[in-house]
Amino acid sequence: MPSQTFTWLHLTDLHYGLQGQNCLWPNLREPFFDDLALLHDLSGPWDAVLFTGDLVQRGKSEEFNQLQAEFLDRLWQKLDELGSGAAQLLAVPGNHDLFRPDKSKPAAHMLMLPGGFDAIAETFWDSEKPDNEYRIVINEAFAPYREWWQNTPKRPSTIKHGLLPGDFASSLIVNGLNMGIVGLNTAFLQLQGGNYQGELVWDVRQLHEVCGDVGNWQKQHNFCLLLTHHSADWLTNSAKEHGRKEILPAGRFALHLFGHNHETNIESIRKIGNSDATWLCQINSIFGMEYIGESKTQKRDHGYAVGKIEVKEDQAYLQFWPRYATDEPDGWRFIADGRKVRLQQNQATSPEHLHYRKSKKSESRASTPTITAHQTASHSTLPPRQPFFGRTEELGKIAAYLQADFRGWGVVLDGPGGIGKTALAVEAAYRAPAEQYPHKLFVTAKNRRLTADGESRLHSHDFEDYHVLLTAIGLALGCDDIQRLPQAQHATVVRHELAKRRLLLVLDNLETLAKDERRCVYDLLDKLPTTCRAIVTSRRRDETAAHSLRLDKLDFPASQQLLVDLGQRLPPVANLTTAEQQRLYAETGGNPLLLTWTAGQLGRAQGRCRTVDAAVTRLQQAHEHNNDPLEFVFGDLLDTFTEDETAVLAALAYFPEPAPLDWLLPLAGISRTAAETALDDLRNRALLLEDEANDRWLLPALAGQFLRCHRPQAIAATGERLAAEAYALAVRHGYEENAPFVELEAAWPTVQAALPLMLAGDNERLQTVCEALVDFLNFNGRWDVWLSLSLDAEAKAVAAGDSHNAGWRVYYAGCVYHLQNDADALLACAERCTQHWQQARVGSREQATSIQLRGLGYQLRKDYPAALQAYQEVLALHRAINPDSVDVAIALSDLAAVKNLSGNWEAAEAYYCEALWLAQKTSDREGVALYTGNLAELALNRADWPAAERLAREALPLAQAVGRLELVAWNHFNLAKALLKQQRATEALPHAQEAVTIFSKLPGSPGLAKAQATLAECQAAI
């Protein structure tokens, strides 16, 4: 039969945070980890790490955080490498693990007085008053330790906590052995510096609290171990005797492990008349001051130990591997410590016989159940800590607001549903130093939650009205009588109990209370004792004496981390590409709850989506099913909207960018005062985002989607007003004669917001608007909008049987492709244009226009003979209609362009000059600017740099006056080239820079690459 073993790594007295440790500990850390590997080969694998106190130096939260990150996490990384990563951590606090209390307080003063504890011992241990003033002092002193202990990841799940911070019992079943391990706090009276030897106490009530019936608990385990920080030598005489009889009687504990004395000592004690021995194991400090004592002459040893219990054929044996550190001869290393014990060749003590008790089940089984962190400690009712990502700036602000020197009682976190207010509040509460806030109380009104499978009700919420909230706070503070008191006294009782504590209060989901009840809560918080602070979460912003912090979307890196964490549970989410993560982020607006829900659709057990596209579609169509996350986020607000608020929301639903009030008023149909009031109230409910600097408002896209589904009539009525307003703006301020379109530019967001409505509406109105916007979209560089609108309007015209307008729309789409040098797409448009106008039986002008479009395609393909033939045909058709027209000038310019590209500069100049003459004759300002610039380009080709400079300088202000960005950019480019060729790079540089800036705004323009090359030449020449 194979042997059964339980093996542990015993550490004590690390004193993390000790002054000077940052530079000294690394010298010992690597030898320590190296020695672990050696010792693991001799004694491993290890099942537990037992830490007997003084983990840190001053008992501060910051030290415990660093202990976890810099020591324990690294230790378990090493254990993982060695094959003992499943080892569990069990620890008790030492005297350095407490934050020393203010001795000016009466209760703390009494505990520190010599003999003071004897006078109040019965009150201290009174089970009927566990929150008496003396126990509060102790709980607060150990609050940072307790908070760390709640959240350290390697602690066993089966832990029963006791009367004092650090008391516990745990049952570990390892390799067929049932191990019972008890930890007792013996450091709770060592509240200040000095020699406490012979002054400390423990009490059997500590043991009974964690074990229940101790005799029964003992029988359930093969072996029982006791962990304390101090040995019995540090106890009073009466406490020693009490312990000998009540806590450590013969046979109860096989081992008693402790530290504090910073030396190794392993011995057994036997009681007369009982063959069972209790082994006492004291080990060296793993790290601390090199010298101790008043004179600093006594050298402190550093070390640790491994212990093993092995059962073979019902016989049990105990061995130890003690280690100590030496810096001789030339640096730190760990070696076997045989100074006080005799070691074998394998560096272990000789196997010692240990009494083996076969465990028995009991009807009144007292072994510890699995419990959650907020059940384990009366000082904190925070929910279990969860992975948290991003919000670094917000966490910094909250930390500042919670400082004693900040005015006000704390902070209100407001924002839309699902944005992460509760998660941020809980994380901030955990980060608040426990020495500053030993008590952290979480009270929530949240009564529902959303998962990937849908919404579910929560029945564990703490309050639904103000008086229930007061009762919940009172009970959490140990005031059991509050339920029997008149409601009028509840607030006074709560304030009285809060005044006894340094407490951080987290009130979650306050928006569920009615307005007058929220006011009562804020009145209570306004009178919060100065030792207390509060964090409130709410979707509504109310007037308070606290700071307010509105939450917006998560940034993308934090959302990526959230998805990676979700992927640990849902493999399809783990396989998302960065592009897919970005898609989910964009579609959910960076809302953590909606992001989690949408990504969760990829990992559902039933009905899961197999692609991101499918998950996004499910989000967009969720209103058609019972599982609608937008209903969860926005549904409770729907019935609260007034008519004015609905009107304002319906107007905002059409604007993808923040909109000023003046854009909304014509659409909402209400007065300015009514609109301002509605906007303020909607903002206070965290439904809108406000750009205070520019006095603009934005309705998030998903909120707009929800509104369209649930208020379609209001959306439709507003849409009609929007379409009518946009039509009037386009017709009044569009068309070429209104260039440079100052009024239309200012009103463009309104017009753009209406375009989808017009595309879905009347064809005739749409075609009129398209024609009105041609030059505006061309001149201002909105080529993408021009292209998509033209193509969509072509399809609309075809559906309406309007071949004439279908031809014009596809012609202008072809013009955009010409600007972007896309020959194939341009020629396809030319073909469709010809077909539409053949069906419409148009006149010769449209015929010439379709041929011109085909010529432009040939020109881009560098088929200059075909282009020349097409342009000559166009010129003849236009001259037959009107020889002195703008159309003739355009045809002449097209012919000149082909001649220029073919190298026939004389013919090109003749055509350009004739086109310029016609433009001047017909008062065509755009044509004059265009043809003058063309002549400048021709001069560059001829290497006539002064002429090119002169013409470009002449054309530039003409193009600027017209407002056509493309012409402005080309003239800056031509001028830069001309100056550069004349060795005037410094003069050329700003023109090259301006050309790059403008071309960057023109989507798909081939001029950008040329301008960038010229800019590089200028910079190289200077």
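Helices and strands here are DSSP runs, numbered from the N terminus. By that numbering, Gln-983 is found in the loop between α38 (965-981) and α39 (985-999). The model is a predicted one, and in it the phi of Gln-983 comes out near 60°, a positive value in a residue other than glycine. Gln-983 is also exposed, since its relative accessible area of 70% is above the 50% cut-off for that label.

Gln-347 sits in the loop between β15 and β16 (352-354). With a relative accessible area of 25%, Gln-347 counts as partly exposed, because that label covers the range between 20% and 50%. As background, most residues other than glycine have a negative phi, and most peptide bonds are trans.

The backbone also holds some cis peptide bonds. One runs from Gly-44 to Pro-45, with omega near 0°, and Pro-45 lies in the loop between α1 (21-43) and β2 (48-52). Another cis bond links Glu-328 to Pro-329, with omega near 5°. Pro-329 is placed in the loop between β14 (315-326) and β15 (333-336).

Turning to the aromatic side chains, a search of the whole structure turns up 35 aromatic pairs. One of them joins Phe-117 and Trp-125, whose ring centres are 6.3 Å apart with 85° between the planes, an edge-to-face arrangement. Phe-117 has a relative accessible area of 8% and is therefore buried. Trp-125 is buried as well, with a relative accessible area of 4%.

Phe-741 and Phe-776 make up another edge-to-face pair, at 5.7 Å from centre to centre and with 85° between the planes. Phe-741 comes from the loop between α26 (712-733) and α27 (742-760), while Phe-776 belongs to helix α28 (residues 763-779), so this pair ties together parts that are 35 residues apart in sequence. Both of these phenylalanines, Phe-741 and Phe-776, are buried.

Aromatic residues gather into a cluster as well: Phe-32, Phe-33, Phe-51, Phe-71, Tyr-304 and Phe-334 form one such group.

Arginines also come up against aromatic faces. Arg-135 lies over the face of Phe-124, at 5.7 Å from the ring centre. Arg-339 takes up a position over the face of Tyr-324, at 3.9 Å from the ring centre.

Terms used. Residues numbered from 1 in each chain as written. Predicted model: local features only at pLDDT ≥ 70, side-chain atom pairs only at ≥ 80, totals over all residues. Heavy atoms only, no water. Phe/Tyr/Trp six-rings, centres within 6.5 Å; stacked < 30°, edge-to-face > 60°. Buried < 20%, exposed > 50% of the residue type's maximum accessible area, 1.4 Å probe, protein only. Helix = DSSP H or I, 4+ residues; strand = E, 2+ residues; numbered from the N terminus. Lys NZ or Arg CZ within 6 Å of the ring centre and 35° of its normal.
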